[in-house]
Each structure stands twice: as C-alpha cells, then as structure tokens.
Amino acid sequence: MAVVRKTLEQSKAEKLDIDWKRVNATTEEDIRRHMIEDGEDPGFGPTLEDIFTPQVIRKRLKMTQEEFAHALRIPVATLRNWEQGRNAVDPAARSLLMVVAKNPELVLPVLAPAAE
C-alpha cells in the first residue's frame, strides 16, 4: 500500500470524511510510532547540515559570495565549490559555518583582518 502524505490544508480542501477529534488527539509520539510501523525513518526533516549550508548562511546575511568568502578568509572558488556541491565542506569549516550562522555579529568581526 502506498503512503500518501498530505498537508492538513490539502486534506481539508478535499472535503474527505476525516475524524478531526482523532487527528487533533494525535501526538508526536503517535506519528513517530506510525512512521516506524510503515518502515520510515522518524528522524525526517532538515538536519543541521541542511540548515547551515554555506549558501543559506550567506543569503541570510545578505552577502555576496565575494563578501562572504572574504569575511571567512577563504578563496571565493572554495565557497563556490561548496555551494555548488562540487566539494564537501570539511568538518572544521562546517563548525565555523555553524558558529557564524548562530552568532554572526560576534564571529565575523573576530575574523575580519586587522587594520594595517
């Protein structure tokens, strides 16, 4: 049997015979148990790696590739390769990106080159 996922809005729009008391009483643990019973991974959803991609962080900071690469002190080509998936972000760089994503106001000034 195929599993079809629909949003609540999609279900309401189809005017199906739905027991809303039962739907509203469903807990996250019920959903997790159902997923396991259906052979699915209950750890669905975006991972930290999905959220803290270089491109997502850069766009959230409203920076160009050149500005972001300069701020991180890396070559623009490295950033482009990460964003386009040609190269994986190494663990140390991933940690730096996560720190920048969580507190850019604190981290980016620390990385800025000293005034000469």
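Guide: Let us begin with surface. Accessible areas come from the Shrake-Rupley method with a 1.4 Å probe, and for residues only the protein chains shown count as cover. This chain exposes about 8900 Å², of which carbon and sulfur atoms supply 56%. The model is predicted: local features need pLDDT of at least 70, side-chain atom pairs count only at pLDDT 80 or more, and totals for chains, interfaces and linings use all residues. Residues are numbered from 1 along each chain as its sequence is written, and side-chain values use heavy atoms, with hydrogens and water left out.

Visitor: How many helices and strands does the chain have?

Guide: Helices (H or I, at least four residues) and strands (E, at least two) are DSSP runs, numbered from the N terminus. Here there are 9 helices and 0 strands.

Visitor: What percentage of the residues count as buried?

Guide: Buried means under 20% relative accessible area, exposed over 50%, and partly exposed in between (1.4 Å probe, protein chains only). Of the 116 residues in the chain, 23% are buried.

Visitor: Which residues of α9 are buried?

Guide: In α9 they are Pro104, Val107, Leu108 and Leu111. An arc is that of the directions from the helix axis to the C-beta atoms. These residues cover an arc of only 95° around the axis, so they lie on the same side of α9. On the other side of α9, Glu105, Leu106, Pro109 and Val110 are exposed.

Visitor: What covers the buried residues of α9?

Guide: The cover is judged by contact, meaning heavy atoms within 4.5 Å. For α9 it includes α6 and α8.

Visitor: Which residues have the most contacts inside the largest nonpolar core?

Guide: A nonpolar core is a set of buried Ala, Val, Leu, Ile, Met, Phe, Trp, Tyr and Cys residues joined through side-chain atoms within 4.5 Å. The largest one here has 18 residues, and those with the most contacts inside it are Ile57, Phe68, Leu72, Trp82, Leu97, Val100 and Leu108. Two or more residues each come from α6, α7, α8 and α9 (104–111); α8 gives the largest share, 5 residues. Beyond its neighbours within four places in sequence, Ile57 is in contact with Phe52, Phe68, Leu97, Val100 and Ala101.

Visitor: Is Arg58 buried or exposed?

Guide: Arg58, which is placed in helix α5, is buried, with a relative accessible area of 9%. Not counting residues up to four places away in sequence, Arg58 touches Met63, Thr64, Gln65, Phe68, Leu79 and Glu83.
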